[in-house]
Amino acid sequence: MSTTKGTFSEFVFSAMPGFDESSFRKLFAQAIHLKTIVIHCFDPRAVEIPEVVARHFPGEIYPGENVIDEAGNRVGHTRTLFPVSVAGGRAVAGLQSISTMEHLFGFENVVVVHHSFCGATSFTADGMLDAYKHEHGVDISGAYDRGSISISDFESSLKYDVDLVRSSPGVPAHVNVYGFFYNIDTGELTEVVRDVPSSGAE
Ligand SMILES: [Zn+2]
């Protein structure tokens, strides 16, 4: 043995006897039929966003249910839409999830949703960076991309995030990218930006 087994290693796929990485990828792609990743704000007042987006796109299943094998193990799920809940629903925080999900399952759409009266609209990038200097004595201006910190205009923030997803090397070129505004009081979902590659264009 070249490695020492750690605690809970019996729950790790790659630690199983005879593990084969490419076989596991095929199994994963069969276990979940992923179509859409939704990046939205973790504001609890906006918790229904994944369900609202699932209703908007035909054929989506959310929340779905576990797929159980004969032994009672959870081996899959019927959900087709996976939410990524982050501050402000800013796309930058979802990029690593997008690449991971593409590797494991493949998918078709990324939907970024920003919502009315989001906390991210209550401050500016400069305000947050200055506050960090005064309150924590640290300069975090190099840690985050300035355009991803706050929201001052929803059309701009959605366009920014759709462009960020589109230009990320970890996002497959065939993926459709959408930006939606969600009104948390009326439940209305409005498409603001659509970046859908024309078929055949590569
Ligand atoms: Zn928010």
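In this predicted model, helix H1 supplies the largest share of the lining of the second largest pocket, namely 5 residues.

- The volume of the second largest pocket is about 280 Å³, and among the residues that line it are Phe13, Phe24, Phe28, Arg74 and Phe105.
- Two or more lining residues are given by H1 and by strand E3 (74–77).
- By class, this lining is made up of 8 nonpolar, 2 polar and 1 charged residues.

**The largest pocket**
- The largest pocket holds about 340 Å³ of space, and of its 18 lining residues Ala87, Gly88, Arg90, Ser148 and Ile149 are the closest to its centre.
- Its lining comprises 12 nonpolar, 3 polar and 3 charged residues.

**Aromatic pairs**
- Across the whole structure, a search finds 10 aromatic pairs.
- The ring centres of Phe13 and Phe28 are 5.4 Å apart with their planes at 85 degrees, so this pair is edge-to-face.
- Because Phe13 lies in the segment before helix H1 (21–31) and Phe28 lies in helix H1, the pair ties together parts that are 15 residues apart in sequence.
- Phe13 is partly exposed, with a relative accessible area of 42%, and Phe28 is also partly exposed, at 22%.
- Phe57 and Phe180 form an edge-to-face pair, 6.0 Å centre to centre with 75 degrees between the planes, and both residues are buried.
- One aromatic cluster is formed by Phe13, Phe19, Phe24, Phe28, Phe82 and Phe105.

Definitions and conventions. Residues are numbered from 1 along each chain as its sequence is written. This is a predicted model: local features need pLDDT of at least 70, side-chain atom pairs count only at pLDDT 80 or more; totals for chains, interfaces and linings use all residues. Side-chain values use heavy atoms; hydrogens and water are left out. Rings of Phe, Tyr and Trp (its six-membered ring) pair if their centres lie within 6.5 Å; planes under 30 degrees apart count as stacked, over 60 as edge-to-face and the rest as tilted. Helices (H or I, at least four residues) and strands (E, at least two) are DSSP runs, numbered from the N terminus. Buried means under 20% relative accessible area, exposed over 50%, partly exposed in between (1.4 Å probe, protein chains only). On a 1 Å grid over the protein atoms alone, a cavity is a set of points where a 1.4 Å probe fits but cannot get out, and a pocket is an open set with protein on both sides within 12 Å along at least five of seven lines; lining residues have an atom within 4 Å of a point. Grid points are joined across faces, edges and corners, and a volume is the space filled by probe spheres set on the points. Ala, Val, Leu, Ile, Met, Phe, Trp, Tyr, Cys and Pro count as nonpolar, Asp, Glu, Lys and Arg as charged, and the others, Gly among them, as polar.
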